[in-house]
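Hi everyone, thanks for making time today.

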Amino acid sequence: FALSDEQRMIADTAREFFAEQATSARTRAAMAGDGIDRGLWASFCGEMGFAGVFVPEHAGGVGLGMIEFACVAEAAGGQVAAIPLLGSAMALSALLADGGEQSAAQIEALVAGSTIAAVATSDQLTVSGERLSGDAGLVAHGAIADLLLVIASGEAWLVRSSDAGVSITPHGTIDQTRPLATVRFEDAAVIPLGANA
């Protein structure tokens, strides 16, 4: 398919932004730290509004679509930007699909970049009531995430990483722009999403 003029403009703007901001020096500095360029992430979310590209305007986003977001994501990948883009996008998508009142504040925080999300998927997790236990394995950006989107057996939950029962152990990785952490849950409180709410 061909991009519209507006989509090409967004793609060009994103490429220029990352070329100027996601420099090798800044990326190396992020790699030496926790794997995220927090200044870049703040500009990405706040100044540019890119985190909310596909989020409806009434929810605090820009109100465009996934094609526009794909243009932004391609530009971020092309520059190897040290930002937690995938976790944020997946958490936003899950919260938008959920549509519950409890989702609004989480969406606002993710769009603003004040909350960082990571995604944990595993077939070794069990939920009893609203408590989660098990090993989620390695999670990208798990050690810096405030919020975990947990996906297992076709169901999804949110878990605050600071809650009791959540254990996160960071690991060194070859790709230090995508740091990994082991995440384990022991009777951790969950916020159900979608059909399992």
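Let's start with H141, which is buried, at a relative accessible area of 8%; buried here means under 20% relative accessible area, exposed means over 50%, and partly exposed is in between, using a 1.4 Å probe and protein chains only. Before I go on, this is a predicted model, where local features need pLDDT of at least 70, side-chain atom pairs count only at pLDDT 80 or more, and totals for chains, interfaces and linings use all residues. Residues are numbered from 1 along each chain as its sequence is written, and side-chain values use heavy atoms, with hydrogens and water left out.

Back to H141: its phi is near 60°, a positive value in a residue other than glycine. You'll find H141 in the loop that links β3 (131-140) to β4 (147-152). Strands are DSSP runs of E with at least two residues, numbered from the N terminus.

Now, is S153 buried or exposed? S153 is exposed, with a relative accessible area of 74%. Phi of S153 is also positive, near 55°, and again the residue is not glycine. This one sits in the loop between β4 and β5 (155-160).

On to the sheet. Four strands form an open sheet in the order β2-β3-β7-β6, with antiparallel pairing; two strands pair if DSSP finds at least two bridges between them. At the edges are β2 (125-128) and β6 (166-171), each pairing on one side only.

Finally, β2 and β3 run antiparallel and are joined by 4 bridges. T126 has S133 in β3 as its bridge partner.
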